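Work through the exercises below with the model open. Try each task before reading its solution.

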Amino acid sequence: DGVEKQMQSNHLGHFMLTSLLASKLKSNARIINVSSEAHKIARGGLDFDYLWKGEPNYGAWKSYGQSKLANIYFTQELSRRSEEMGLDWQVASLHPGTVATDL
């Protein structure tokens, strides 16, 4: 499908699930998106030329950082929009801590 895999699983999944559930949430819902301190890898902000395809010069950590920064930006925008709509949603992103995996 042409979209970088970490962006798919780490960000677009959060985005789609939230989007699909939004109309079913109560006016005082709590929405928490898992991000990571690794968002700091994306020091220059989102690199839109790289973000979707992972090119040029693919890097697993670069892609991870980009996807986690996208989580944070999405969370901030969701908070702004919910306030604008008069909803009392509590919207936050968090770093869950370090987890040892084989990924």
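This is a predicted model: local features need pLDDT of at least 70, side-chain atom pairs count only at pLDDT 80 or more; totals for chains, interfaces and linings use all residues.

Residues are numbered from 1 along each chain as its sequence is written, and side-chain values use heavy atoms, with hydrogens and water left out.

**Exercise 1. Fold outline**

Task: State how many helices and strands the protein chain has, and give their pattern.

Solution. Helices (H or I, at least four residues) and strands (E, at least two) are DSSP runs, numbered from the N terminus. The protein chain has 3 helices and 2 strands. Along the sequence they run α-β-α-α-β. The C-alpha trace spans about 45 × 30 × 25 Å along its principal axes.

**Exercise 2. Helix 1 against helix 3**

Task: Classify the packing of helix 1 and helix 3 by angle and handedness.

Solution. Begin with the axes, which are lines fitted to C-alpha atoms over the stretch in contact, with angles from 0 to 180 degrees between N-to-C directions. The axes of helix 1 (residues 5–21) and helix 3 (residues 60–84) come within 7 Å and cross at roughly 15°. Angles under 35 degrees count as roughly parallel. Helix 1 and helix 3 are therefore roughly parallel. Their crossing is right-handed (the near helix is turned clockwise from the far one by less than a right angle).

Next, take the contact (heavy atoms within 4.5 Å). Helix 1 contributes residues including Met7, His11 and Phe15. Helix 3 contributes, among them, Tyr64, Lys68 and Phe74.

**Exercise 3. An aromatic pair**

Task: What geometry do the rings of phenylalanine 15 and phenylalanine 74 adopt?

Solution. Rings of Phe, Tyr and Trp (its six-membered ring) pair if their centres lie within 6.5 Å, and planes over 60 degrees apart count as edge-to-face. The structure holds 2 such pairs. In this one the centres are 5.2 Å apart and the planes stand at 65°, so the pair is edge-to-face. It joins helix 1 to helix 3 across 59 residues.

**Exercise 4. Backbone exceptions**

Solution. Most residues other than glycine have a negative phi, and most peptide bonds are trans. A cis peptide bond joins glutamate 55 and proline 56, with omega about -10°. Proline 56 sits in the loop between helix 2 (48–51) and helix 3. Asparagine 57 is in that loop too. Its phi is positive, near 60°.

Terms used
Angles under 35 degrees count as roughly parallel, over 145 as roughly antiparallel, 65 to 115 as roughly perpendicular and the rest as oblique. Rings of Phe, Tyr and Trp (its six-membered ring) pair if their centres lie within 6.5 Å; planes under 30 degrees apart count as stacked, over 60 as edge-to-face and the rest as tilted.
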